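Try each one before reading its solution.

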Amino acid sequence: ILALYLRLKYFNINLAVWWDEGDYLSYARRLAFDIPTQDLWYYRRVFFMPLFWAFLYKIGSQELGLRIFQLLFSFAGVIGVYLLTKELFDKKTALITTALYSSYWVHLFFTARLLTDVPAVTLATFGLYFFWKSYIKNEKYKILAGIFLGLALFTKLSTLFYLIPI
């Protein structure tokens, strides 16, 4: 409840589009509406979020719809942190970690912006959760672990560092 309250409180705290946000949104609009361009896409920017946002633009969504999905990614990340911590440790530690993560100012800061940080962390958290369930607990989640970690990698390239310990 705390996580949802804080995310809704800061949902529209900053409606200005930052330079990085503008880059991602511009690329998403070019993908969605077949806008010709002369420049090349910057090699460090990965394509999953602009592709996802292009899909949302294509079905009629505007920037508000994209921000709602950013909010949903952020809230799902809190749930992912709880699930992963509960699997790694115990329920009490998971509740403490989730409470701290819910109110962590950096995560709230990036929730209010259309950048790739929050979706990448959320996808990576679920990828690590399914990895732990499949390889340590021997349950059948290997494909989900691969899908979530792959999407996290295609959302933010620095997620590659998550794969080193794995």
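**Exercise 1.** In which helix of the protein chain is confidence lowest, and in which is it highest?

*Solution.* Begin with the whole chain: this is a predicted model, and its mean pLDDT is 92. Of the residues, 96% reach 70 or more. Next, go helix by helix. Confidence is lowest in helix 2 (residues 19–33), with a mean of 90, and highest in helix 5 (residues 91–102), at 97. Keep in mind that where pLDDT is low, the predicted coordinates should not be read in detail.

**Exercise 2.** Work out how helix 4 and helix 7 are oriented to each other.

*Solution.* Two packed helices are described by the angle between their axes and the distance between the axes. Step one: for helix 4 (residues 63–88) and helix 7 (residues 117–136), the angle is about 30 degrees and the axes are 8 Å apart. Step two: angles under 35 degrees count as roughly parallel, so helix 4 and helix 7 are roughly parallel to each other. Step three: their crossing is left-handed.

**Exercise 3.** Describe which residues make the contact of helix 4 with helix 7.

*Solution.* On the helix 4 side, look for Phe 73, Ile 79 and Leu 84, among others. Helix 7 contributes residues including Leu 123, Phe 126 and Trp 132.

**Exercise 4.** Is Ser 134 buried or exposed?

*Solution.* First locate Ser 134, in helix 7. Its relative accessibility is 2%; the cut-off for buried is under 20%, so Ser 134 counts as buried. Finally, leaving aside neighbours within four places in sequence, Ser 134 is in contact with Glu 139, Tyr 141 and Lys 142.

Methods. Residues numbered from 1 in each chain as written. Predicted model: local features only at pLDDT ≥ 70, side-chain atom pairs only at ≥ 80, totals over all residues. Heavy atoms only, no water. Axes fitted to C-alpha atoms, helices over the stretch in contact; angles between N-to-C directions. Helix = DSSP H or I, 4+ residues; strand = E, 2+ residues; numbered from the N terminus. Parallel < 35°, antiparallel > 145°, perpendicular 65-115°, else oblique. Left-handed = near helix turned anticlockwise from the far one by under 90°. Contact = heavy atoms within 4.5 Å. Buried < 20%, exposed > 50% of the residue type's maximum accessible area, 1.4 Å probe, protein only. pLDDT = per-residue confidence, 0-100.
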